[in-house]
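Biologist: I would like to go through this structure with you by question and answer. Shall we start with its open spaces?

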Amino acid sequence: MDTDVLVVGAGPAGSTVAGALAARGHSVLVAEEHPRVGLPVQCAGLVSQRVLSMAGSTSMVRTSVRGASVFGPSLGSVSFKAAEPRAFVLDRAALDVHLADDAARHGAEFRTSTRFDRWLRSEEGRHVVRLATRDGPPVEVRARLVIGADGVTSAVARAFRLRRPVEILPAFEAEFPRSPGDPETVEVYLGRTLSPGLFGWWIPDGQGGARVGVAVDADGTPARVYFDRLVAHLERRFQGRLSSPTAFLVSGIPIGLLPRTHGDGVLLVGDAAAQVKPLSGGGIFTGMRCAQLAADVAHAALQRGDVSARALEPYERAWRAELGEEFRRALYLRRVFQRLDDPELDRLIAALQGSELAGTIVAFGDIDFPTHVARQLLRQSPSLVRLLPKALGAWVAPAGGRVPELEFDRRK
Ligand SMILES: Cc1cc2nc3c(=O)[nH]c(=O)nc-3n(C[C@H](O)[C@H](O)[C@H](O)COP(=O)(O)OP(=O)(O)OC[C@H]3O[C@@H](n4cnc5c(N)ncnc54)[C@H](O)[C@@H]3O)c2cc1C
């Protein structure tokens, strides 16, 4: 079978790039290993307005949130609330189905229960790959361009030797059909006992329940252990009014910058390219935005009849120009936070409790670009800077230097 473009994976990144290329007249085949697009859900589904704008729909929104409470290791907290919605909780499966429907309407062909198995050879300027199907024999596909949108464990990245190990944070989440708590506020839990490495979360689901999860360092302790601790805390706090969990999910979040996300006749997008916000693990906005940029470059390359690595290189430059500096700053701040012990984190929460700083967070907070507000806070509060490494000073200075290199030892 011949196609201009083979997209592997029908998540938000895959369907976005597939739809954009099909709309411009290219033949596009999307291979998705699961029988149904969007399932199983592996996501908390919290996104910004930007995702809704890119999706061109609000039909998948379950509820909106306008506040956040951040809990330190000793469970002291700081809370912020904006006057208007700041983020949206989605039915994540519905987002994936919406994007796939859209792509199909533009002419992309979807094959579910179809897994990218391996690259076989190059032939007349096309990649020949093998797709495994659940019920039938394997299929050989000849594609001018292969786009790996196949998530954190990307087989495409491995097949085309584009992968270098990024950190993969184990994550564990469950849905609680009933939960007390503020339906307009997300809760974030920091500290080594509950969530070393990233954070735990409680997110209202808009139907009287909540999504509760943790993403943690891969330190040998299963994420489930931290999840159970967080749930035990919530049960105590909610005095038995939290229902039993349903719909568990176990997955991984890629953190880091891949050195290369393109090659001869191949591009990576989304989690496959580790295009994930390092401070939150969120990757829907970044993956979809990079998929749009990938489609622009791929379209031009296909039109010219040149999909060599050199012709696809503008993709690399485009996404790094938009998101690379934010990722670098966020990676640096993440390293800083990883070095803080629990008493230091508690002091940080206490320092944020000043109403002026809470006002800054409300004014500048942007879940897609969290380093903007971090920088603003550090500029505003010398007491915060004193809690953090001296090297941060260069970045925070009014002249606005680049963040220092990420050289220090993570083990502290
Ligand atoms: C617990 C958890 C909570 C999260 N919460 C949020 C959140 O609140 N907000 C947010 O923005 N992000 C969140 N994320 C991250 C977000 O889910 C991902 O960044 C996003 O799904 C990436 O989209 P994608 O299209 O790149 O990959 P995916 O959504 O992972 O899609 C990849 C697709 O490829 C398919 N596939 C994989 N291998 C193959 C193969 N060999 N052949 C064919 N198909 C294949 C998969 O079945 C899947 O459908 C969360 C992640 C986790 C783990």
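Biologist: By class, how many nonpolar, polar and charged residues are in the lining of the second largest pocket?
Modeller: This is a predicted model, in which local features need pLDDT of at least 70 and side-chain atom pairs count only at pLDDT 80 or more, while totals for chains, interfaces and linings use all residues. Residues are numbered from 1 along each chain as its sequence is written, and side-chain values use heavy atoms, without hydrogens and water. Ala, Val, Leu, Ile, Met, Phe, Trp, Tyr, Cys and Pro count as nonpolar, Asp, Glu, Lys and Arg as charged, and the others, Gly among them, as polar. By this scheme the lining has six nonpolar, five polar and one charged residues.

Biologist: Which element gives the largest share of the lining of the second largest pocket?
Modeller: A pocket is an open set of points on a 1 Å grid over the protein atoms alone, with protein on both sides within 12 Å along at least five of seven lines, and lining residues have an atom within 4 Å of a point. This lining includes Ser15, Thr16, Met54, Asp102, His106 and Gln292. Two or more residues each come from α1 (12–23), α2 (49–55), α3 (92–105) and α6, where helices are DSSP runs of H or I with at least four residues and strands are runs of E with at least two, numbered from the N terminus. The largest share, four residues, comes from α1.

Biologist: What is the volume of the largest cavity?
Modeller: A cavity is a set of grid points where a 1.4 Å probe fits but cannot get out. Points are joined across faces, edges and corners, and the volume is the space filled by probe spheres set on them. The structure holds one cavity of 30 Å³ or more. Its lining has five nonpolar, no polar and three charged residues, and its volume is about 30 Å³.

Biologist: Is strand β14 largely enclosed or open?
Modeller: Phe199, Trp201 and Ile203 on one side and Gly200, Trp202 and Pro204 on the other are all buried, which leaves both faces covered. Because six of the six residues of β14 (residues 199–204) are buried, the strand is largely enclosed.

Biologist: How many bridges join β14 to β15?
Modeller: Two strands pair if DSSP finds at least two bridges between them. Strand β13 (residues 185–189) pairs with β14 in the antiparallel sense over three bridges, with glutamate 187 opposite tryptophan 202. β14 and β15 form a hairpin with five residues between them, and glycine 206 in the turn has a positive phi of about 80 degrees. Isoleucine 203 stands opposite arginine 211, and the number of bridges from β14 to β15 is six.

Biologist: Which are the edge strands of the open sheet of three strands?
Modeller: The order is β3-β7-β4, with antiparallel pairing. Four bridges join β4 to β7 (residues 87–90), and threonine 63 stands opposite valine 89. The strands that pair on one side only are β3 (46–47) and β4 (61–65).

Biologist: Where is the residue whose peptide bond from leucine 39 is cis?
Modeller: The bond runs from leucine 39 to proline 40, with omega near 0 degrees. Proline 40 is found in the loop between β2 (28–31) and β3.

Biologist: Is leucine 75 buried or partly exposed?
Modeller: Leucine 75 is found in the loop between β5 (67–71) and β6 (77–81), and its phi is near 70 degrees, a positive value in a residue other than glycine. Its relative accessibility is 33%, so leucine 75 counts as partly exposed.

Notes: Buried means under 20% relative accessible area, exposed over 50%, partly exposed in between (1.4 Å probe, protein chains only).
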